[in-house]
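Please look over the chain shown below before reading on.

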Amino acid sequence: MTADEQRAPIRVGLVEDDPEFRARIAGELEQSPDVKRVLQWESAEEFWNDRAGRSVDVLFLDIQLGQMRGVELTE
């Protein structure tokens, strides 16, 4: 078995307040054979309150969100 075959699929999170852009990015990510699942949130607060967000391996985060900005969420 090669190293690529042993690699586990990744879980991706996406925090983006623009629904069209979020759907487009999620669609692209879902096309990757390495991606197991793409979880999506509309705001930093929504992500923060959803325990499912703690299970992602990679988080794509919009910096210019509503009340809580993406930079604040990373802190």
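The points below are grouped by topic.

This is a predicted model, and the mean pLDDT of its chain is 87, with 92% of the residues reaching 70 or more.

**Confidence along the chain**
- Confidence is lowest in helix α1, residues 3–6, where the mean is 60, and highest in helix α2, residues 19–30, where the mean is 96.

**Nonpolar cores**
- The largest nonpolar core has 8 residues in all, namely Val-15, Leu-39, Trp-41, Ala-44, Phe-47, Val-56, Leu-65 and Leu-73, and the elements that give two or more residues to this core are β2 (35–41) and α3 (44–49).
- A second, separate core consists of 6 residues, among them Leu-14, Ala-26, Leu-29 and Val-35.
- Val-15, a member of the largest core, touches a set of residues beyond four places away in sequence that includes Trp-41, Ala-44, Phe-47 and Leu-65, as well as Ser-43 and Asp-62.

- Phe-60 counts as partly exposed because its relative accessible area is 38%, which falls between the 20% limit for buried and the 50% limit for exposed.

**Glu-45**
- Glu-45 belongs to helix α3 and is partly exposed, because its relative accessibility is 26%.
- Leaving aside neighbours within four places in sequence, Glu-45 is in contact with Gln-67 and Met-68.
- Glu-45 and Pro-33 are separated by 12 residues in sequence and by 30 Å in space, taken from C-alpha to C-alpha.

How values were computed:
Residues numbered from 1 in each chain as written. Predicted model: local features only at pLDDT ≥ 70, side-chain atom pairs only at ≥ 80, totals over all residues. Heavy atoms only, no water. pLDDT = per-residue confidence, 0-100. Helix = DSSP H or I, 4+ residues; strand = E, 2+ residues; numbered from the N terminus. Core = buried A, V, L, I, M, F, W, Y, C linked by side-chain atoms within 4.5 Å. Buried < 20%, exposed > 50% of the residue type's maximum accessible area, 1.4 Å probe, protein only. Contact = heavy atoms within 4.5 Å.
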